[in-house]
Amino acid sequence: MARLPYADPTHPDIARQAAQIAAERGGSVINLYKMLLQSPPLADGWRQLLTAIRQQCILSARYRELAIMRIAVLNEADYEFAQHVPFALKEGYTDAQLAALKTAGYRDHFDALDLQVIDYTDAMTTSIRVPQAVFDAVKANFSDREMVELTATIAAYNMVSRFLEALQLDHDQ
């Protein structure tokens, strides 16, 4: 159960903003945004950043979703994991691969580039500092812009999972 009440997206002070969020997010306001709407300026900034990451970057959605799924596993953010399963499946990952991310044997289920993205995600998430060898391995496959976008994606979704877990948001129905 969430530690704070969710904002009412129909409240006149935030209804317009909630409608914009719903329009950009598949027609509904999920619990993450209902909580963020407790602070309308924060909700708007969050929406802009995550919209840029998800919809305006050139980084392949495949690697974006893999990084997000790995972050969710590392941070034990079940809400984040559940929200992104459909997106990861759409990008070609299998249920078996997603389940494997939660196990010690995950490396047997991914190709070399996937593993490089996972290693980069792991380093940023658990150690903050990325070893040069890990950076160089990923950089060999991505442009400078893609590296910035991958790095920002990992940073932003660590923010998401920390927010979700600190406030213990409920899964959406």
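**Figure 1. Q116, V117, D119 and Y120 of helix α7 meet V134, F135, A137 and V138 of helix α8, where contact means heavy atoms within 4.5 Å.** By class, this contact of α7 with α8 holds six nonpolar residues, one polar residue and one charged residue; Ala, Val, Leu, Ile, Met, Phe, Trp, Tyr, Cys and Pro count as nonpolar, Asp, Glu, Lys and Arg as charged, and the others, Gly among them, as polar. The model shown is predicted, so local features need a pLDDT of at least 70 and side-chain atom pairs count only at pLDDT 80 or more, whereas totals for chains, interfaces and linings use all residues. Residues are numbered from 1 along each chain as its sequence is written, and side-chain values use heavy atoms, with hydrogens and water left out. Helix α7 covers residues 112-127 and helix α8 covers residues 132-139, helices being DSSP runs (H or I) of at least four residues, numbered from the N terminus. The axes of these two helices, α7 and α8, come within 9 Å and cross at roughly 140 degrees, an axis being a line fitted to C-alpha atoms over the stretch in contact, with angles from 0 to 180 degrees between N-to-C directions. That angle makes α7 oblique to α8, because under 35 degrees counts as roughly parallel, over 145 as roughly antiparallel, 65 to 115 as roughly perpendicular and the rest as oblique.

**Figure 2. Helix α7 and the elements that cover its buried residues, α4, α8 and α9 among them.** Helix α7 has 16 residues and reaches 21 Å from its first C-alpha to its last, which is close to the 22 Å expected at 1.5 Å a residue; the expected span is 1.5 Å times one less than the number of residues. Which residues of α7 are buried? They are L113, D114, L115, V117, I118, Y120, T121, D122, A123, M124 and T125, where buried means under 20% relative accessible area, exposed over 50% and partly exposed in between (1.4 Å probe, protein chains only).

**Figure 3. The contact of helix α4 with helix α7.** The axes of α4 and α7 come within 9 Å and cross at roughly 45 degrees, and that makes α4 oblique to α7. From α4, the contact is made by R62, Y63, L66, A67, R70, I71 and L74, while α7 supplies L113, D114, V117, I118, T121, D122, T125 and T126. These residues divide by class into eight nonpolar, three polar and four charged.

**Figure 4. The contact of helix α4 (residues 61-74) with helix α5 (residues 78-90).** Here the two axes come within 9 Å and cross at roughly 155 degrees, so α4 and α5 are roughly antiparallel to each other. On the α4 side the contact is made by E65, I68, M69, I71, A72 and V73, and on the α5 side by E80, F81, H84, V85, F87 and A88. Nine nonpolar, one polar and two charged residues take part in this contact.

Figure 5. Not counting residues up to four places away in sequence, A18 touches P9, V29 and L37. The C-alpha atoms of Y33 and A7 are 8.6 Å apart in space, although 26 residues separate the two in sequence.

**Figure 6. Positive phi values at I128 and at Q168.** I128 lies in the loop between α7 and α8, and the phi of I128 is near 70 degrees, a positive value in a residue other than glycine. Is I128 buried or exposed? I128 is exposed, with a relative accessible area of 61%. Q168, found in the segment after α9, has a phi near 50 degrees, again a positive value in a residue other than glycine. With a relative accessible area of 36%, Q168 is partly exposed.
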